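I opened my notebook to look up a few things in one structure. Here it is, before my entries.

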Amino acid sequence: MRPTDHDPNGWHPNEEELVLLFYGDADPGLETRLSDHLDACDTCQPVWQEIRATLNAVDAAAVPEPPADFERVIWARVQRALDDIPPPVPAWWSPRLWVPAGVLATVLLTTFIAGRGWPGGKPGTPAPETTMAGTSQPERALLVAMDDHLQRSELLLVEVMNAPPGDAVRTGFERETADDLLASSRLYRQTATHTGHEQLAAMLEDLEGVLVEIARGPEDLEGESLNALRARIAQDDLIFKVRVVSDEIHERQKTMMSSSEGDR
Amino acid sequence: MSPDSVLIHQMQLDDAAAVAEARNGNQDAFRVLVERHSRSLYRLAFRMTGRAEDAEDIVQETFIKAFKQLSRFEARANVSTWLYRIAFNCAVDFLRARPRREAATGDEMLEHLASAPEGPTLDDLVYAGQIGEQLQVALGGLSERERAAFLMRHYHGCSIEEIGTTLGMKTNATKHSIFRAVRKMRVALQGFARS
């Protein structure tokens, strides 16, 4: 509220308070005061009317309704895609519980890397004993875990990159997520290093650095800290690289599924 | 149970129960969520992108991502808020990937609108559907986050807190996103609202 000399109450509501009033977000005391003021103030009434007219005009623009069978069409499209996705992991198999197991992580990476041949792997890296035809449910579940890990990482990075300029990013949720991802990320990186897949290890190292910054960073990420973090993500092409590995995993999952169908 | 009674059972599932059953691999339960939330997500996606076919793709992508993330859904959370969040992120990714030439920048649009002569009457605009087009232009002048916050508050009746949770912003930042959006909408729709 800004004080004025000519208003009998000494103030006029600002635009933000009128927007709060329009949406019913003003607290009761302010709402009463605003209503009383608008009834009496010839200066504010036109502004209020103009805000209402604008927002009512927005209401007048209806979105074209999709066809009557829209839900059925969407479901048909979604269902086709779901056929390529492994069933949801049961709760007791939550990645949080078992991903930190180093041995499983090694199995996963060895299986994944050997199956797809991540560029940069050392020649002569021993092939895993597992064959395509012999893929097992645990392996599939491990791929789901890696996929889950990368998707969560990607979402986190996208959220940081999407924050509008000038806004602080509340990092409570992001810090918790980053912290949660760190342990498994380290294991994946160490395994990639041990198996000689430098490029994958380098990507995971870059990701780990960003996760550490978010997890250990300030609660409100803004200004230079936010810009520096974004620059780091952009400079490393981190989102792109994470997506590439995700795509590789999806391909691997598809191959495994079609192989196991072929065995039946 | 007969097929009919199975169908009735599925339709009666509330969102949380549908998520729980879908987590156990029940695709019919997931279908309940798709059928229940498709239209509201379509409206959000349409207003974000301004194109029916893009909105449909975003709705589809939203549900595919939601299915993949079922294990991460917190039982205490609101399903529609969770879906909005996924849809918002899909739409933002989509807009970022869309070639720049397909949409004028916000500043260009605002300059163009501010210098435009007074438009026809509001009634004419409404009936001609032009206000819809004008609105899409105006929405194009907002940042992705302002647009999402404004749309969720104005059309979907989401509270400031819900929007903040969905978009990962504090209450004040959420309010200011909406304030900025309204300010830009006032400039963009100036001629039309006055009529």
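**Ground rules.** I am working with a predicted model, where local features need pLDDT of at least 70, side-chain atom pairs count only at pLDDT 80 or more, and totals for chains, interfaces and linings use all residues. Residues are numbered from 1 along each chain as its sequence is written, while chains are lettered from A and ligands numbered from 1 in the order in which they are written.

**Chain A overall.** I looked up the secondary structure of chain A and found 11 helices and four strands. Both are DSSP runs, numbered from the N terminus: helices are H or I with at least four residues, strands are E with at least two. Chain A has 264 residues, and 31% of them count as buried. Buried means that 20 or more other C-beta atoms lie within 10 Å of the residue's own; exposed means 12 or fewer, partly exposed is in between, and the C-beta atoms are placed from the backbone. I also checked contacts, which need C-beta atoms, placed from the backbone, within 7 Å. Among the contacts in chain A with a separation of 6 or more, 71% join residues 24 or more positions apart.

**Where the chains touch.** How many residues of chain A are in contact with chain B? I found 44, and they meet 49 residues of chain B. On the chain A side, the elements giving two or more residues are α1 (15-22), α3 (44-60), α4 (70-82), α7 (137-162) and β3 (169-170). α4(A) gives the most, with nine residues. By class, this side of chain A has 30 nonpolar, five polar and nine charged residues. Nonpolar covers Ala, Val, Leu, Ile, Met, Phe, Trp, Tyr, Cys and Pro; charged covers Asp, Glu, Lys and Arg; the others, Gly among them, are polar.

**Helix α4(A).** I followed up on this helix. α4(A) has 13 residues and reaches 18 Å from first C-alpha to last, close to the 18 Å expected at 1.5 Å a residue. The expected span is 1.5 Å times one less than the number of residues. Which residues of α4(A) are buried? They are Ile74(A), Trp75(A) and Val78(A).

**A crossing in chain B.** Helices α9 (residues 144-154) and α11 (residues 171-188) of chain B have axes that come within 8 Å and cross at roughly 90 degrees. That makes α9(B) roughly perpendicular to α11(B), a label for angles of 65 to 115 degrees. Axes are lines fitted to C-alpha atoms, for helices over the stretch in contact, and angles run from 0 to 180 degrees between N-to-C directions. Among the residues that meet are Phe150(B) in α9(B) and Ile178(B) in α11(B). The buried residues of α11(B) include Ile178(B) and Ala181(B).

**Two single residues.** Asp25(A) sits in the loop between α1 and α2 (28-40) of chain A. Asp25(A) has 16 C-beta neighbours inside 10 Å and counts as partly exposed. Leaving out residues up to four places away in sequence, Asp25(A) touches Leu20(A) and Ile160(B). Glu133(B) lies in helix α8 (residues 130-140) of chain B. Glu133(B) and Gly50(B) are 83 residues apart in sequence and 8.5 Å apart in space, C-alpha to C-alpha.

Conventions. Two residues are in contact if their C-beta atoms, placed from the backbone, lie within 7 Å. Angles under 35 degrees count as roughly parallel, over 145 as roughly antiparallel, 65 to 115 as roughly perpendicular and the rest as oblique.
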